[in-house]
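Subject: Structure handover and notes on two residues

Hello,

Please find the structure below, for your files. My notes come after it.

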Amino acid sequence: MTSTGGPIDFLMIALIALLGSDQRETTRSSLTNADVPFPPAAPTSLNLAAICQKGHCRSRYLPSFFPRSGGSHFCFRGMAINRLESWYSLCCAKPEAQKLCCAQQAWKKALSRFCVEEFSTKTMVYECCEYKGDARWSCFESELPNPDYSCVPGYIAANMPSEPGFTFNQGTCQM
């Protein structure tokens, strides 16, 4: 039996065309986990130089990157990365002896705020947010897409406004 080109056939062809197309050429991302590399690695003495010197070539996420609905978890990840990069720039301007402690505080504060945002929706939260204290930080450190804070080849970060909400507490640092 051959098809006569009815509505079902049209939908099948449209579906095949959509699934076979290269969605990366669109202005809005298709939003897979790789689109927002997450979570960011905790600052260490080994990656601090890259955090401070290569911020200009790591991804930032403008609101237009995300769909208007249905992608809040990716949006929260992108906002957390933007916030963290903003706060890292504050820390990298500190004296050398304070940079690492400041960056570690910024990392924890940004991920804590990310978890608050995750719990504000009715969707499943990011797994690490379900933990408390050191267990949460260990979870965030367990699967890192960019532990060395490497650059995205050919990428120049968009200028983003400074994010409020972080104040470095030097008193908690061990010198």
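This is a predicted model: local features need pLDDT of at least 70, side-chain atom pairs count only at pLDDT 80 or more; totals for chains, interfaces and linings use all residues.

Asn-146

Asn-146 lies in the segment that comes after helix H5 (133-140). Its relative accessibility is 25%, so Asn-146 is classed as partly exposed; the buried class is kept for values under 20%. The side chain of Asn-146 makes a polar contact with the backbone nitrogen of Ser-150, at 2.8 Å. Beyond its neighbours within four places in sequence, Asn-146 has contacts with Ala-41 and Arg-58. Pro-40 is 106 residues away from Asn-146 in sequence, yet the two C-alpha atoms are 6.8 Å apart.

Arg-60

Arg-60 sits in the loop that joins helix H2 (48-53) to helix H3 (72-92). Is Arg-60 buried or exposed? With a relative accessible area of 16%, Arg-60 is buried, because the cut-off for that class is under 20%. Two backbone oxygens are reached by the side chain of Arg-60: that of Gly-55 at 2.8 Å and that of Arg-58 at 2.5 Å.

Arg-58 turns up in both sets of notes: Asn-146 is in contact with Arg-58, and the side chain of Arg-60 reaches the backbone oxygen of Arg-58.

Regards

Technical notes: Residues are numbered from 1 along each chain as its sequence is written. Side-chain values use heavy atoms; hydrogens and water are left out. Helices (H or I, at least four residues) and strands (E, at least two) are DSSP runs, numbered from the N terminus. Buried means under 20% relative accessible area, exposed over 50%, partly exposed in between (1.4 Å probe, protein chains only). Contact means heavy atoms within 4.5 Å. A polar contact is a pair of N or O atoms within 3.5 Å; within protein, one must be able to donate a hydrogen and the other to accept it, and residues adjacent in sequence count only if both atoms are side-chain atoms.
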